[in-house]
Amino acid sequence: MRILKEDAILAQFKDNALSVAKKFDIKHILPLYIDIYEKAIKKYTKKSKHSSKPHND
């Protein structure tokens with residue numbers, strides 16, 4: 001494999017791998033999860049409020 005034989009290519013491969021890995025760092029991912037959970041909570045609490053009203057049948 002060329003990556004293992006050529007140091008410059010291996011170094012570039014490592015740099016690219018680190019760059020991609022940094023995209024998945026907790027500092028980047030956690031805010032996304034928090035946003036999703038907050039939206040889900042808001043949606044659920046809206047449904048709960050509507051469903052807990054007594055029916056006038």
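About 5,900 Å² of accessible surface for this protein chain, and 63% of that belongs to carbon and sulfur atoms. Those areas come from the Shrake-Rupley method with a 1.4 Å probe; for residues, only the protein chains shown count as cover.

Some ground rules. This is a predicted model: local features need pLDDT of at least 70, side-chain atom pairs count only at pLDDT 80 or more, and totals for chains, interfaces and linings use all residues. Residues are numbered from 1 along each chain as its sequence is written, and side-chain values use heavy atoms, with hydrogens and water left out.

Confidence next. pLDDT is the predictor's confidence in each residue, from 0 to 100. The chain averages 87, and 88% of the residues score at least 70. Among the elements, helix α2, residues 7-23, has the highest mean, 94. Helix α1, residues 2-5, has the lowest, 79.

The fold: three helices, zero strands. Along the sequence, that reads α-α-α. Helices (H or I, at least four residues) and strands (E, at least two) are DSSP runs, numbered from the N terminus.

How much of the chain is buried? Of 57 residues, 0%. Buried means under 20% relative accessible area, exposed over 50%, partly exposed in between, with a 1.4 Å probe and protein chains only.

Now helix α3, residues 26-51. Tyr-33 is found there. Tyr-33 counts as partly exposed because its relative accessibility is 48%.

Last, charge. The whole structure has one salt bridge, meaning a side-chain nitrogen of Lys or Arg within 4 Å of a carboxyl oxygen of Asp or Glu. Lys-39 pairs with Asp-35, closest N and O atoms 3.3 Å apart. Both lie in helix α3, four residues apart, about one turn. Lys-39 is exposed, at 55%; Asp-35 is partly exposed, at 34%.
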